[in-house]
Amino acid sequence: MKAVECAVPNCVHIHAPTHEALVELLLRHSHQAHPEMHLSEQAAEDLVDESAYFDKKHAGKSYAHEAGHVLTG
C-alpha cells in the first residue's frame, strides 16, 4: 500500500495499492478540492514518485480520508 499526503496542510491522506491508483486518486482529489492548483498528471506522477511511502496501516484499502467524505478508487 502506497500513500501520500496532500500538499495542503491538514487536508487529506491518500493511499492506494498501486502507483497508478495513487496518482489517479491524487489527481481526483486535487481537481475536486483544489482546482485552482491545476495539478497536471505529470506533476501528480512526480509528487507520488518523490513522496509516496509504504502505508501498512491501510493495506488492502484504496481511498482518501477527508473531512466529511471519502474518495474511492
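I looked up burial for the protein and found that, of its 73 residues, 37% count as buried, where buried means under 20% relative accessible area, exposed over 50% and partly exposed in between, with a 1.4 Å probe and protein chains only. This is a predicted model, in which local features need pLDDT of at least 70 and side-chain atom pairs count only at pLDDT 80 or more, while totals for chains, interfaces and linings use all residues. Residues are numbered from 1 along each chain as its sequence is written, and side-chain values use heavy atoms, with hydrogens and water left out.

I noted two helices and five strands, arranged along the sequence as β-β-α-α-β-β-β; helices (H or I, at least four residues) and strands (E, at least two) are DSSP runs, numbered from the N terminus.

I then turned to Ser-30, which lies in helix 1 (residues 19-33) and is buried at a relative accessible area of 4%. Apart from neighbours within four places in sequence, Ser-30 is in contact with Pro-35 and Leu-39, contact meaning heavy atoms within 4.5 Å.

For contacts across the protein between residues at least 6 apart in sequence, I recorded that 54% join residues at least 24 apart.

Last, I checked for disulfides, meaning pairs of cysteine sulfur atoms within 2.5 Å, and the structure holds zero. The sulfur of Cys-6 has its closest cysteine sulfur in Cys-11, and because the separation is 3.8 Å, the two are too far apart for a bond. Cys-6 counts as buried at 11% relative accessibility, whereas Cys-11, at 25%, counts as partly exposed.
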